[in-house]
Structures are given as structure tokens and as C-alpha cells.
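Here are a few notes to go with the model you asked me to look over.

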Amino acid sequence: MDAEPGTIADRVRSLFDEIRHAAVRAGRAPESVRLLAASKTVSVERVREAVDAGIRHLGENRLQEALPKIEALDREGVVWHFIGTLQRRKVKSVVGRFETIHSVDSLVLAEEIARQAKAAGLRQRVLLEVNLGGESSKGGFAPAALAQALPLLNEFEQLDIRGLMAIPPPTATAEEARPYFRQLRELAQALTAQGCRNINMQELSMGMSHDYAVAVEEGATYVRVGTAIFGVRQLG
Ligand SMILES: *Cc1c(COP(=O)(O)O)cnc(C)c1O
């Protein structure tokens, strides 16, 4: 997606507007949606511009890249989220540093997070990543596998499971992503009906630069937006 014109601050402001409009269109409370800036590859200076413009939630994909940014932007009100593929050996350093891990994509990873959270004496807030398109290139729980996984996940008391996250297969238009977003919402509802005591499914992390408005219409509580704030990322 091409960068929108204007400064980072202009783009952040118009995103907040668009999100509010999408929420209102869907009869939702605008404050139920949080704009999470996906800041991978973006310099501290540019991330700071976004924070100065009102961004409170920042999402990073890689621990090494995130640590210096967390340090540099350590100020009141900034909340860090881990949104990338998480390797087991990195779990120890991620637990407790990020408010929410959005990308819990297997039971094995969930177990390791629970183990490290216990060692650190805390509960870690997490979302379960769902592979909606059944893509072999992506991680995540198969939708049909989650119902069975849930009672097992429920045993990990150090995991504060708050909901679901998904990165749907690429679509040509935002509208074509709608069935995936709807599917994630319905899945969360079905899992809530299972009634596991430690698990709550109120958060839906879905929607990126090209389709966040549709995701909000379908119930997103976090949209993860990179390009539409910071411009096109440099490769490599
Ligand atoms: C990079 C990234 C985003 C943001 O993608 P854009 O298309 O640049 O908005 C969202 N979620 C995850 C997991 C990402 O890695």
C-alpha cells in the first residue's frame, strides 16, 4: 500500500477518525477499538512522532528490535504488544516486557509462556493466533482445533487469555477480508460458549492498513496498522 500523504501525525489523526466512523457505522462504541501501531523496521524517532500524535499501543515483531525502542520510549501510557512469530527460546525475555502477546500460535508456545510467567511470578496476557485461511506459510491454531485446545489452555493459570488474533490471507480488496473477520468473531463467540473459567474472548486483534475499517465493522478491538502510519517499509 502506498503511504498516505502528510505527516505521521496527520495519518494518525485520520486513522483515529476513520476508526471512529467505522465503529459508529457498526453501532459500536469507538473507544472499544484500539489503534495499535505496528512499528517493525521504524526508527525510534518516527515511532516517537506517532506517540506524540496520540498512539498509545505499539506492536513489535522481533524482540531484539523492540528492546531499544522500549527503552527509548519508556514513558507513561505507552503499552507494548508482541505481534510477531515468537520462538520458544525468546519467551523468557518477552514475558512481562510486553503487555499482550498477540501471536500465541501453538500449545507448546502457550506452555512455555506459562512456565516463564510462573518463574517470573506474573500472569501474561495473551491472544491466540488463528490460521483462518489454513495457509501452510502461517502459524496459528486451526479454527477447528481450538475447541479441543481450549480446556488444555485453561489449565495454564499463568496465561491470561483475552481473545483471538488473525492475519487473514491477502485479499485484493478490504471487502473480501470481511468473511475472515466475521469468522474470527464467530469463533470467539463459540469458544466463549464453552465456558472455560480462565479464558475470556473479549479481544479481537484483526485488520491492518488496507482493511482495518472492515475489521472494525466486524468487531475488531485492536487493529494493527503499520504502513498507513509510517509509510512503506524498506525491505531487508
Ligand atoms: C507488519 C504487521 C502489521 C501491519 O501491517 P501493515 O499492512 O503495514 O499495516 C500487522 N500485524 C502484524 C502481525 C504485522 O507483522
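**Notes on the model**

1. Let's begin with His102: leaving out residues up to four places away in sequence, His102 touches Leu36, His81, Phe82, Ile83, Leu127, Glu129, Met165, Ser205, Tyr222 and Arg224, where contact means heavy atoms within 4.5 Å. His102 sits in strand β4 (residues 100-104); helices (H or I, at least four residues) and strands (E, at least two) are DSSP runs, numbered from the N terminus. With a relative accessible area of 0%, His102 is buried (buried is under 20% relative accessible area, exposed over 50%, partly exposed in between, with a 1.4 Å probe and protein chains only).

2. Before going further, some bookkeeping: this is a predicted model, so local features need pLDDT of at least 70 and side-chain atom pairs count only at pLDDT 80 or more, while totals for chains, interfaces and linings use all residues. Residues are numbered from 1 along each chain as its sequence is written, and side-chain values use heavy atoms, with hydrogens and water left out.

3. Which side chains make polar contacts with the side chain of His102? One is His81, at 2.9 Å, and another is Ser205, also with a contact of 2.9 Å. A polar contact here is a pair of N or O atoms within 3.5 Å; within protein, one must be able to donate a hydrogen and the other to accept it, and residues adjacent in sequence count only if both atoms are side-chain atoms.

4. Phe82, one of the residues that His102 touches, belongs to strand β3 (residues 79-82). Phe82 counts as buried at 2% relative accessibility. Setting aside neighbours within four places in sequence, its contacts are Glu60, Asn61, Arg62, Leu63, Val94, Phe98, Thr100, Ile101, His102 and Ser103. Between Phe82 and Arg56 there are 14 Å in space, C-alpha to C-alpha, and 26 residues in sequence.

5. Is Val225 buried or exposed? Val225 is buried, with a relative accessible area of 0%, and its place is in strand β8 (residues 222-225). Beyond neighbours within four places in sequence, Val225 is in contact with Leu15, Leu35, Leu36, Ala37, Ala38, Met208, Ser209 and Tyr212. Val225 and His210 are 15 residues apart in sequence, with their C-alpha atoms 8.6 Å apart.

6. Ser209, one of those Val225 contacts, is in the loop between β7 (199-205) and α8 (212-217). Ser209 counts as buried at 11% relative accessibility. Its side chain reaches two backbone nitrogens: that of Thr227 at 3.2 Å and that of Ala228 at 2.9 Å.

7. Have a look at Thr41 too: although not a glycine, Thr41 has a positive phi of about 70°. For context, most residues other than glycine have a negative phi. Thr41 lies in the loop between β1 (34-38) and α2 (44-52) and counts as partly exposed, at 48% relative accessibility.

8. Last, a helix pair: α6 (residues 143-153) and α7 (residues 178-194) pack at an angle of about 25°, with axes 11 Å apart (axes are lines fitted to C-alpha atoms over the stretch in contact, and angles run from 0 to 180 degrees between N-to-C directions). The two are therefore roughly parallel, a label for angles under 35 degrees. The contact is made by Pro143, Leu146, Ala147, Leu150 and Pro151 of α6 and Gln183, Leu187, Leu191 and Gln194 of α7.

Terms used:
Angles under 35 degrees count as roughly parallel, over 145 as roughly antiparallel, 65 to 115 as roughly perpendicular and the rest as oblique.
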